[in-house]
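Here are my notes on the model you sent over.

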Amino acid sequence: MARHADLHCHSRRSDGTLEPAEVVRRAKKAGVGLLVLTDHDSVSGFAEARDEAARQGISFACGIEINTGEADGIHVLGYGIDPDSAVLAERLDVFRARRQSRVGRIVERLNALGIGLTIAEVRGESTETLGRPHVADALRRKGVVKDRGEAFKRFLSHDADAYVPPMGPTVAEAVAAIKAAGGWTSLAHPGTVKKDVDLGPWVEQGLDGIEACYRAHTGPQTQRFLEAAKRYGLLVTGGSDFHGPNTGRETLGGVELPDDQYSRIHDRLRIVR
Ligand code: AMP
Ligand code: ZN
Ligand code: FE
Ligand code: FE
């Protein structure tokens with residue numbers, strides 16, 4: 001059972017390239033038995049994905065990923081949340097508005113570099129949450145880059161020419177937003193964060209888990225984070241971080257969670273069917 005769960009993926013409601021229902025259909029084809037959609041700063045894909053999961057006969061739960069402003073790649077996953085929470089909706093509105101400001105500043109920088117791009121061209125790429133991947137897609141459509149990877153490397157990542165630091169909430173604020181919706185939290189893809197993360201303060205601020213099992217983690221990294229989970233008493237989550245075709249993150253499922261870890265989280269996921 002554990003190996004058939006994928007607790008981390010994205011749709012067009014944030015920076016994925018497929019509609020929520022299509023993500024579910026591909027999950028079914030990939031042999032995933034339990035899917036959690038974790039769009040960035042949005043739960044708007046929940047109802048569509050839930051209904052398709054019912055048609056496809058796979059289990060489904062609501063999730064979210066909140067990108068913090070603490071540093072690039074410090075993202076907080078939320079599970080077991082009520083998608084109708086008014087407090088969460090109000091917080092997410094604020095986080096998405098800050099993303100729009102950031103994208104505006106990135107576009108200004110690109111224009112200063114002589115690359116003509118408008119915020120409208122970037123917004124055309126997304127249906128809900130804007131981010132750097134949408135800038136990358138707009139650059140690709142213009143023929144400036146061949147894919148998202150090149151756009152990040154040349155313009156968007158830390159140290160690149162059009163980089164603007166993230167403007168998201170702190171980890172504590174992200175954790176609070178998720179808890180206000182009745183949920184619990186997991187630190188996303190810790191192995192992809194440049195500097196070594198000190199979990200202690202975040203655990204004190206209410207962090208509940210860590211995504212030790214992640215597609216891009218090496219075996220030793222997974223081991224290291226499983227040990228950290230034990231040391232701090234954290235739950236363990238895992239997922240693919242699928243984003244869809246043309247994103248560089250194109251495989252659903254296939255990330256195994258140890259059975260004992262899976263049984264600790266299963267009942268906390270608020271599986272809707
Ligand atoms: P943002 O939320 O605007 O800071 O953009 C971060 C998001 O961009 C991450 O959540 C990933 O989905 C995506 N991303 C980061 N680096 C890359 C890359 N090199 N290639 C493709 N997507 C990336
Ligand atoms: Zn993403
Ligand atoms: Fe992430
Ligand atoms: Fe993600």
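1. Start with the two metals: 5.5 Å separate the iron ion (ligand 3) from the zinc ion (ligand 2). Bear in mind that this is a predicted model, in which local features need pLDDT of at least 70, side-chain atom pairs count only at pLDDT 80 or more, and totals for chains, interfaces and linings use all residues. Residues are numbered from 1 along each chain as its sequence is written, chains are lettered from A and ligands numbered from 1 in the order in which they are written, and side-chain values use heavy atoms, with hydrogens and water left out.

2. Which protein atoms hold the iron ion (ligand 3)? The donors are Glu65 (OE), His75 (ND1) and His189 (NE2), at 2.0 to 2.2 Å from the iron ion. Donors here are N, O and S atoms within 2.8 Å of the metal (3.2 Å for Na, K and Ca), and water is not among the atoms, so sites may look incomplete. Along the chain, the iron donors are spaced as E-x9-H-x113-H. Glu65 sits in strand S3 (residues 59-67) and His75 in strand S4 (residues 75-79), ten residues apart. Helices (H or I, at least four residues) and strands (E, at least two) are DSSP runs, numbered from the N terminus. Glu65 is buried, with 0% relative accessibility, and His75 is buried too, at 13%. Buried means under 20% relative accessible area, exposed over 50%, and partly exposed in between (1.4 Å probe, protein chains only).

3. Now the zinc ion (ligand 2). Its protein donors are Asp15 (OD), Asp15 (OD), His40 (NE2) and His243 (NE2), lying 2.0 to 2.4 Å away. The spacing in sequence is D-x24-H-x202-H. Asp15 comes from the loop between S1 and helix H1 (20-29) and His243 from the loop between S7 and helix H10 (259-265), so this pair ties together parts that are 228 residues apart in sequence. Both Asp15 and His243 are buried.

4. On to the sheet. Seven strands form an open sheet in the order S1-S2-S3-S4-S5-S6-S7, with mixed pairing. Strand S1 (5-6) and strand S7 (235-239) are the edge strands, each pairing on one side only. Two strands pair if DSSP finds at least two bridges between them. S1 and S2 pair in the parallel sense over two bridges, and Asp6 stands opposite Leu35 in S2. H2 packs on the sheet and touches S2 and S3, its direction making about 155 degrees with that of S3. Contact means heavy atoms within 4.5 Å. Axes are lines fitted to C-alpha atoms, for helices over the stretch in contact, and angles run from 0 to 180 degrees between N-to-C directions.

5. Check two backbone spots. Most residues other than glycine have a negative phi. Asp41 has a positive phi of about 55 degrees although it is not a glycine, and Asp159 has a positive phi of about 80 degrees, again without being a glycine. Buried or exposed, Asp41 and Asp159? Asp41, in the loop between strand S2 (34-37) and helix H2 (46-56), is buried at 2% relative accessible area. Asp159, in the loop between helix H6 (148-156) and helix H7 (171-180), is exposed at 71% relative accessibility.

6. Helix H5 (132-141) deserves a look. Eight of the ten residues of H5 are buried, so the helix is largely enclosed by the rest of the structure. Among the buried ones are Arg132, His134 and Asp137. The buried residues of H5 pack against H3, helix H4 (119-123) and H6. Just after H5, Gly143 takes a positive phi of about 80 degrees.

7. The largest pocket has a volume of about 1200 Å³. It is lined by 48 residues, of which Gly73, His75, Arg132, Phe152 and Arg249 are the closest to its centre. H3 gives the most to this lining, with four residues. A pocket, on a 1 Å grid over the protein atoms alone, is an open set of points with protein on both sides within 12 Å along at least five of seven lines, and lining residues have an atom within 4 Å of a point. Grid points are joined across faces, edges and corners, and a volume is the space filled by probe spheres set on the points.

Definitions and conventions:
1 Å grid on protein atoms, 1.4 Å probe; cavity = no way out; pocket = protein on both sides within 12 Å on 5 of 7 lines; lining within 4 Å.
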